Amino acid sequence: MKKIVLLGYMGCGKSTIAQNLSKITNIPFLDLDKIIEERAKMSINEIFEKHGEIYFRKLEHEIFVELLQSDENNIIGLGGGTPCYANNHELLKGENVDSIYLKASIDTLYNRLVYNKSKRPLIANMNEEEMREFIAKHLFDRSFYYNQAKHKVVVDDRSVEETVQDIIQVLT
Ligand code: S3P
């Protein structure tokens, strides 16, 4: 069964784009972060606080593997860090996987995250200056993993609808 896997840094628009892609293609969307929260019966913030990041990464890996193995065609939206842990980046290259890196610039990410950081434990307590520097370094560190995706779609200055069309084009 085919899996369309959307990945990219926090704030690149994975969930919104996946929801729209799902409506247009009629392929069900699975949001990895949401499924983790349902399984753990707590929010991502609470998982980080109570059990720490390593516990979160383990759960994230197990559930990602499980979603890839299901018998359905799906769109799977990853968390921003998913490709960067537990060799998850190798799973982006699987035969039945169409992985797409939604690539955004530091400016785009900063502008989207600056008012929207409270649910994201990695940046929740940073001020604006710290956040900009963190995003720049972190994105650089993570790029190796994101670039393992089979396809890349640039989201800067593109509407959600335009990005969905860009995705459909790279998949056909
Ligand atoms: C994370 C991104 C989050 C979530 C967790 C860790 C990361 O997902 O999985 O807070 O390491 O970048 P989003 O990219 O959907 O915000």
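The following legends describe close-up views of one predicted model.

Local features are reported where pLDDT is at least 70 and side-chain atom pairs at pLDDT 80 or more, whereas totals for chains, interfaces and linings use all residues of this predicted model. Residues are numbered from 1 along each chain as its sequence is written, and side-chain values use heavy atoms, with hydrogens and water left out.

**View A. The largest pocket and its lining.** The largest pocket has a volume of about 810 Å³. Of its 31 lining residues, S15, D33, I44, K119 and R120 are the closest to the pocket centre. A pocket is an open set of points on a 1 Å grid over the protein atoms alone where a 1.4 Å probe fits, with protein on both sides within 12 Å along at least five of seven lines; lining residues have an atom within 4 Å of a point. Grid points are joined across faces, edges and corners, and the volume is the space filled by probe spheres set on the points. Helices α1 (14-25), α2 (32-40), α3 (44-51), α4 (53-69) and α6 (106-113) each supply at least two lining residues. Helices (H or I, at least four residues) and strands (E, at least two) are DSSP runs, numbered from the N terminus. By residue class, the lining comprises nine nonpolar, eleven polar and eleven charged residues. In this classification Ala, Val, Leu, Ile, Met, Phe, Trp, Tyr, Cys and Pro are nonpolar, Asp, Glu, Lys and Arg are charged, and the others, Gly among them, are polar.

**View B. Surroundings of the ligand.** The ligand is surrounded by 13 residues, of which the closest are K14, D33, R57, R120 and R142; a residue is counted if one of its heavy atoms lies within 4 Å of the molecule. A polar side-chain atom of R120 lies 2.8 Å from a ligand oxygen atom. For R142, a side-chain N or O atom is 2.7 Å from an oxygen atom of the ligand. G81 takes part through its backbone, with an N or O atom 3.3 Å from a ligand oxygen atom.

View C. The whole structure contains ten salt bridges, each defined as a side-chain nitrogen of Lys or Arg within 4 Å of a carboxyl oxygen of Asp or Glu. One of them joins R39 to E66, with the closest N and O atoms 2.6 Å apart. This pair links distant parts of the chain, R39 being in helix α2 and E66 in helix α4, 27 residues apart. R39 is partly exposed at 43% relative accessibility, as is E66 at 38%; buried means under 20% relative accessible area, exposed over 50%, and partly exposed in between (1.4 Å probe, protein chains only). E60 and R57 form a further salt bridge, with the closest N and O atoms 3.0 Å apart. These two residues are separated by about one helical turn because they lie three residues apart in helix α4, and both are buried. E53, R57 and E60 are linked in a network of salt bridges.

**View D. Positive phi values in two loops.** K41, in the loop between α2 and α3, has a positive phi near 55° although K41 is not a glycine. K41 counts as exposed, at 75% relative accessibility. D157 is likewise not a glycine and has a positive phi of about 60°. D157 is found in the loop between β5 (151-154) and α8 (160-171) and is exposed at 80% relative accessibility.

Note on methods: Polar contact = N/O pair within 3.5 Å; in protein donor to acceptor, adjacent residues only side chain to side chain.
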